[in-house]
Structures are given as C-alpha cells and as structure tokens.
Amino acid sequence: MRNQSISLFSLFSSILHLFLVLNFYGGVTVNGDIVSNLCENVTRVDPTQNYDFCVSSLEANPLSKTSDIFGLGVISIELCSNNATYIHTYIDGILKDGKPEPERARTCLQECVDLYSDASEEVQTAMKAFKGKDYETTSRILYGAAINANTCKIGFTELGVDFSPLKKQDYDIYQLTGISLSIIRIILG
C-alpha cells in the first residue's frame, strides 16, 4: 500500500512539474495555439520582429503545431539554415546570369555570397549547439550569422548601389535569426 501511494504521489508530482515547465516555457497555452503565443512573445522580446512573418514562417512546418518551445527553436534554426543556403544559391544564380549592372553591384554580390556561405555554415553549427542546450554558443553564432546578412546589406549602401537585389532575402534572414534568438531568450527566462 505504501509503495502504491508513493507511486501515485510521484506520478502526480511528475505531471504537475511537467505542466508547470510547459506552461512557463509557453508549451501550454490557453487557446492552444503555441505558434501565435510564441510569436507574440517574440515581438515582445524584440519589437523589430514581425508577428505575421513569425507565424507564417513557423507554421510552414507542420510539426510546429505540436512542438514545445524547444521544438520551435529547432524549427526556427532549420529555417535560418535553409534560408541562408537558399540565399547563397540565389546569389550564385544572379552572378552566373551576368547580372546585375553596374559592376559595383556585382562586387557587393560577390562579397555577399561569401558572407552567406559563412552564415550557412554558422547556422548549422548553431543547431548542434542548440540541440546540446548550449544556448550561449547558439546565440553567439546566430548573432554572427545575422551580422553577416547585415554586412551584405550595408555593402550595397556603402558602394552607392541604389537597389539591392537581396533586400527581401536580407530582411528574411534578419527576421529568422531574430526569431531564433528570441526563442533562446524565452527559454532562458
């Protein structure tokens, strides 16, 4: 009888602990929509983040609807990685087409292809750190990837190129890294 009451107490305690942890980290929500709830928190943590972009990005992965905060962190970092790889390929395509003109724009794009190549590798390293729950390293690496994207954007301005063919891509990677960094801040409390 004593073992049964200890077992029930342990079970109750475990369930209560799980509920408190999930509730604290946003895994349990009143309305059941963890992505919306998380994105509201992300925009509170970082007001430069776009709520609609956050929701649509995370919801693009069907696993987001059943993920906890850690799972959404993995999804957001995967989005960063995929996006950085896509942008690298996109820039390569522009350069191979012999566009754009003037030559200053080509120079910027050549620098950007290197920056996004580095960002792609960095984000893959960040994923390993995140899965190992090394949030400090993950944050540092993701911040570096965001700086690489911003450096690309600034390069066009500094060389006097009126229009960056990467305006949308730079914005997207900035938003995606921001989501990931905000999730880490939320996890750390």
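K65 and E59 form a salt bridge, with their closest N and O atoms 3.5 Å apart. The model is predicted. A search of the whole structure finds 2 salt bridges.

- K65 counts as exposed because its relative accessibility is 56%, and the cut-off for exposed is over 50%.
- E59 has a relative accessible area of 32%, so this residue is partly exposed.
- E59 also belongs to the α2–α3 contact, on the α3 side.

**Salt bridge K168–D172**
- The side chains of K168 and D172 meet in a salt bridge, at 2.6 Å from N to O.
- Both residues lie in helix α7, which spans residues 167–188.
- K168 and D172 are 4 residues apart, so about one helical turn separates them.
- K168 is exposed, at a relative accessible area of 54%.
- D172 is buried, at a relative accessible area of 11%. The cut-off for buried is under 20%.

**Packing of α2 and α3**
- The crossing of α2 and α3 is right-handed.
- From α2, the contact takes in V35, S36, L38, C39, E40, V42 and T43.
- From α3, the partners are Y51, C54, V55, L58 and E59.
- By class, the residues of this contact divide into 8 nonpolar, 2 polar and 2 charged.
- E40 in α2 and E59 in α3 are among the contact residues, and Glu counts as charged.
- S36 and T43 in α2 are also among them.

- At 13% relative accessibility, S81 counts as buried, because the cut-off is under 20%.
- S81 is in contact with S120, V123 and Q124, leaving aside its neighbours within four places in sequence.

**Points to check in the structure**
- For the K65–E59 pair, view the 3.5 Å approach of N and O.
- For S81, view the contacts with S120, V123 and Q124.

Methods:
Residues are numbered from 1 along each chain as its sequence is written. This is a predicted model: local features need pLDDT of at least 70, side-chain atom pairs count only at pLDDT 80 or more; totals for chains, interfaces and linings use all residues. Side-chain values use heavy atoms; hydrogens and water are left out. A crossing is left-handed if the near helix is turned anticlockwise from the far one by less than a right angle, and right-handed if clockwise. Helices (H or I, at least four residues) and strands (E, at least two) are DSSP runs, numbered from the N terminus. Contact means heavy atoms within 4.5 Å. A salt bridge is a side-chain nitrogen of Lys or Arg within 4 Å of a carboxyl oxygen of Asp or Glu. Buried means under 20% relative accessible area, exposed over 50%, partly exposed in between (1.4 Å probe, protein chains only).
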